[in-house]
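Please consider the sequence and the model shown below.

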Amino acid sequence: VQLVESGGGLVQAGGSLRLSCAASGRTVSTYSMAWFRQAPGKERDFVAALNWSGGSLYYAYYADSVKGRFTITRDNAKNTMYLRMTALNPEDTAVYYCAARDVQSNSGTYYYAGSYDYWGQGTQVTVSS
């Protein structure tokens with residue numbers, strides 16, 4: 001599975017962005033997928049995840065710092081995941097990475113970066129004050 005993020009950029013505080021993560025190599029409709037971010041000098045932190053729970057059922061999880069401002073969605077027809085970010089603030093500045101794991105072979109924890117098998121190259125989000 002290959003993952004490619006896009007949609008990052010420079011935005012003023014209070015603004016919005018939508019990130020995309022396009023998957024290729026195989027269909028990821030039964031994969032759990034997530035967004036992480038990493039600011040300079042900091043560890044890679046969990047942002048949001050969509051866990052596949054069977055059939056067409058997914059559960060969304062968010063870090064407390066983004067709850068109510070960010071929304072994670074996916075379009076299985078396009079094999080793509082999205083992160084809609086609103087009310088951005090300078091603390092959201094980071095490189096954003098998408099990640100995926102096959103839950104049928106990997107039952108790791110959704111908020112733990114080590115649980116994911118596939119990663120994108122990252123897209124920079126910079127929020128100016």
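A salt bridge is counted where a side-chain nitrogen of Lys or Arg lies within 4 Å of a carboxyl oxygen of Asp or Glu. Side chains of opposite charge can pair when their charged atoms come close. The model discussed here is predicted: local features need pLDDT of at least 70, side-chain atom pairs count only at pLDDT 80 or more, and totals for chains, interfaces and linings use all residues. Residues are numbered from 1 along each chain as its sequence is written, and side-chain values use heavy atoms, with hydrogens and water left out.

The structure contains 3 salt bridges. In one of them, the side chains of arginine 37 and aspartate 92 meet with an N to O distance of 2.9 Å. This pair links distant parts of the chain, 55 residues apart: arginine 37 belongs to strand 4, and aspartate 92 to the loop between strand 8 (80-85) and strand 9 (94-102). Strands here are DSSP runs (E, at least two residues), numbered from the N terminus. Aspartate 92 also takes part in a salt bridge with arginine 69, where the closest N and O atoms are 2.8 Å apart. Because arginine 69 lies in the loop between strand 6 (58-62) and strand 7 (70-75), and aspartate 92 in the loop between strand 8 and strand 9, this pair ties together parts that are 23 residues apart in sequence.

Aspartate 92 counts as buried because its relative accessibility is 1%. Arginine 37, at 12%, is buried, and arginine 69 is buried at 16%. Another salt bridge joins lysine 67 and aspartate 64, with 3.2 Å between the closest N and O atoms. Both lysine 67 and aspartate 64 are exposed.

Attention now turns to two individual residues. Serine 32 is located in strand 4 and counts as buried because its relative accessible area is 1%. Its side chain reaches the backbone nitrogen of tryptophan 52 at 3.0 Å. Contact means heavy atoms within 4.5 Å. Not counting residues up to four places away in sequence, the residues that serine 32 touches include Leu50, Trp52, Ala99 and Tyr116.

Tyrosine 97 is part of strand 9 and is buried, with 14% relative accessibility. Its C-alpha atom is separated by 6.7 Å from that of glutamine 121, which is 24 residues away along the chain. Leaving aside neighbours within four places in sequence, tyrosine 97 has contacts that include Glu5, Trp35, Arg44, Trp119 and Gln121.

Finally, there is the largest pocket, with a volume of about 150 Å³. On a 1 Å grid over the protein atoms alone, a pocket is an open set of points where a 1.4 Å probe fits, with protein on both sides within 12 Å along at least five of seven lines; lining residues have an atom within 4 Å of a point. The volume is the space filled by probe spheres set on the points, which are joined across faces, edges and corners. Among the lining residues are Arg37, Gln38, Phe46, Ser65 and Glu91. Strand 4 (31-38) and strand 5 (44-52) each supply at least two residues of this lining, and the largest share, 3 residues, comes from strand 5.

Technical notes. Helices (H or I, at least four residues) and strands (E, at least two) are DSSP runs, numbered from the N terminus. Buried means under 20% relative accessible area, exposed over 50%, partly exposed in between (1.4 Å probe, protein chains only). A polar contact is a pair of N or O atoms within 3.5 Å; within protein, one must be able to donate a hydrogen and the other to accept it, and residues adjacent in sequence count only if both atoms are side-chain atoms.
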